[in-house]
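Q: I have just opened this one and would like to be walked through it. Could you take my questions as they come?

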Amino acid sequence: MATAVVGKKKGGATVDLKQLQEPDFWKTRNAIFDELYAAQQEKYKSMQSPISITLNDGKQLPATSWLTTPIDIAKKLSNSLAERVVAARVNEEIWDLTRPFEGDATLELLDWDDADARHVFWHSSSHVLGYALERVFQTRLSVGPALEEGGFFYEGETNRPVTEADYTTIETAMQELVKMKVPFQRLTVKKEDALRLFQYTEFKSKILASKVPENGTCTVYRCGNLIDPCRGPHLPDTGRVKSFSLTKNSSSYFEGKAENAVLQRVYGISFPKQTMLTEWKKLQEEAARRDHRTIGRHQQLFHFHEASPGNAFWLPHGARIYNTLIEFQRKQYRRRGFEEVVSPNMFSSRLWMVSGHWDKYADNMFLINVEKEDHGMKPMNCPGHCLMFAMQPHSYRELPIRYADFGVLHRNELSGALTGLTRVRRFQQDDAHIFCRMDQVKDEIHSALIFLKDVYDVLGFKFFLKHSTRPENKLGSDEMWDEAESYLQAALNSFCGIPDELPDPFNKGSTFVYDGRKESVKKLRAMLKKRGDKKNDENSPADDVWPGPTHEDAWEENTGDGAFYGPKIDIVVEDALRRRHQCATIQLDFNLPKRFGLKYTLPSNAAGDDGPAPKATECHKDPNAELKADKPEGKVEAAAGAPKSSYEKAAHELNIDQRLDANQARPVMIHRAIFGSLERCIAILCEHYGGDWPFWLSPRQVIVVPVSLENAAYAQTVRDTFFAAGFFADVDNGTATLEKKIRNAELARYNFILVVGQAEQEGQSVNVRTRDNRRHGTKTLDEALQWLRELADKYDPSF
């Protein structure tokens, strides 16, 4: 039996649902739906014909159009499968399990492990919540989506404000619908019929009037007495929402506009199993314990003050972490050929007009008027780095040039958006920009991915890769984007250890090229599953075929999500609580090099004294070459008599020359960050480690504890020795007992607690303990120093 799990509630008794009057609009709405649904089913009967359904493994099954559904196919394969699946993917479209096939189709059955299936589950759960809100509060519903981070909400106009004391009653009403196990019924209706169904509410009526085109259609779903306009898809029935809990509530404005009606919004979470909800609740409790704002306060790392909203005050222990991360990255830069630069914090508005940020980003900048000219505090480093590149002539032999910058950045975030260290107004990034030739892009991207992996391995992050491709408003030709995207694809495959061709698991004897798209991902997963099954079969002969990607989950394409100026790789890290955060980015940019007139000299036709040159046609393509025919490049000037654009005026005043001589070409720019902002990265690390910083990064590495006052002088000497060696070391020469001092050190999360008594003093040694109450014996000062140096130098996560 399904069970609603009720969390902590602030008082209030459950309302007897039998005592509540049903909403007056239910009866009329149901009658209209019944009429339209009956007509639809009759229409479906007249359209039935034999079809073929192709499964993931290539197997084909007979079916009937407008009758057979995905769940019918699942039942034929296995009853347990039919119970386990959540949704279907039909011809690459997410589909209700109970929606009939309309013709020949491919079918993939999706369970909870699939992100699209989880979205369907939570969206269906929002309808169950919507039913409860109508049942309890006579609510005129607005919208009720699933949330990207998990869970769902529904909002609407209620007959009184919702409070936490109402959660039990709302959950009881949800449970009422779950127990009924009523099906989700899908109905396609004309716009006028949809408006007739929801004429009782201005919210649904307005949404339908604006979203559905004239003479168009939309879909409506019913579960029990709830009827809702919705694209779907949904679960087969409400009985599958086995465990749920309401999490919070708030007020909101209809359509997010302050001039509109005030609505009540209720949030929830749900799962197909009780154990999953229990685990989720434990994770939420752990997340609250690990909140970086709480740890930052307890460990005295940083503070915020109303005198400077959104700007962190880094206290000494927090500054130690901040600076250690920067120094860690500086060592990486030295090894990997990056040159650190320092650029100004403030630039004339003319620079931002040239870069394009003045038109698109000025509202998010802090602006200052200096000598009657507008200036802006820099929100990013890239325009300044373009100026630096343009300050000197460059040869093709100098490329790639890699600038790294830890400069302070400012963004004018709204006060309501400020959240601890994750959303601030002042921050620093491990920002880098690479200027290279087109033929160098693949190697630079591959190197950036290796760099990123090495850093995240040290930090203990699992990460996921997405290749974001050309958007509709792209700059440049399809040919240039084809080439750029192919470089990123090749770099990603190389990084993940994916061969140029793989055996097609669905077509024996055929091969396919992995490109990160859905069909390709499906084939890769099927191939790896077959290989795993074969590996587990003791009777199967061993082979030496490709074992699978070296990076778990390989990578996927995020179609159309690239920046207008070039494709990019988005990197998401997963922390200890399995939450995902965007930190790193690797982006190609064709736009800024053109806007700033960046260029480098080409090789001569014959090889020079310093060796052979690359083929110019392959290596030095201008990403914006196709624009020349329409708008010849040159020193930026407006046509005679025509008003100058802000870009043209600013570029002219800054002496930007876009002309390319016959022996010049335009470089490609790669934006790259691994930590992202130091502030956000430290917030994520703080919660990832739960405040137990690894030794190399810890702000409290060593504390020396004397057994008695007679050993205080030696304890101070030991502390000074470790401090002089570069460690963050303290000494506790207070009057508390030895046990109390050790316990205080453990609670303060010192990595190493060095206890010194008379024996240690006479032997010039220390007795070593760690914060987890383990004892590591006695070591001489030299041995202890050497051990700690090795731990720090190797970034050992063990302590």
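The chat below goes through confidence, domains, a helix and a core.

Q: What kind of model is this, and what counts in it?
A: This is a predicted model, where local features need pLDDT of at least 70, side-chain atom pairs count only at pLDDT 80 or more, and totals for chains, interfaces and linings use all residues. Residues are numbered from 1 along each chain as its sequence is written, and side-chain values use heavy atoms, with hydrogens and water left out.

Q: What pLDDT does the protein chain average?
A: The average is 90, and 92% of the residues score at least 70; pLDDT is the predictor's confidence in each residue, from 0 to 100.

Q: Where does pLDDT stay under 50?
A: Residues 1–11 are one such stretch, with 32 contacts beyond four places in sequence, and residues 606–612 are another, with four such contacts; contact means heavy atoms within 4.5 Å. Where pLDDT is low, the predicted coordinates should not be read in detail.

Q: Which domains does the assignment give?
A: It gives domain 1 (22–110), domain 2 (114–285), domain 3 (306–525 + 550–597 + 666–678) and domain 4 (691–792), with bounds from an automatic or database domain assignment. The centres of domain 2 and domain 3, taken over C-alpha atoms, are 38 Å apart.

Q: Changing topic, which helix holds histidine 688?
A: Histidine 688 belongs to helix α20, residues 678–689; helices are DSSP runs (H or I, at least four residues) numbered from the N terminus.

Q: Is α20 mostly covered or uncovered?
A: It is mostly covered, as eleven of its twelve residues are buried, where buried means under 20% relative accessible area with a 1.4 Å probe, protein chains only. Histidine 688 counts as buried because its relative accessible area is 12%.

Q: What does histidine 688 touch?
A: Leaving aside neighbours within four places in sequence, histidine 688 is in contact with Arg290, Leu459, Gly460, Phe461, Asp575 and Ala576. A polar atom of the histidine 688 side chain lies 2.8 Å from the backbone nitrogen of alanine 576.

Q: And how many residues has the largest nonpolar core?
A: It has 74 residues, and those with the most contacts inside it include Leu459 and Leu465; a nonpolar core is a set of buried Ala, Val, Leu, Ile, Met, Phe, Trp, Tyr and Cys residues joined through side-chain atoms within 4.5 Å. Helix α14 (residues 441–459) gives the most to this core, nine residues, and the core draws at least three residues from each of domain 3 and domain 4.

Methods: Helix = DSSP H or I, 4+ residues; strand = E, 2+ residues; numbered from the N terminus. Buried < 20%, exposed > 50% of the residue type's maximum accessible area, 1.4 Å probe, protein only. Polar contact = N/O pair within 3.5 Å; in protein donor to acceptor, adjacent residues only side chain to side chain.
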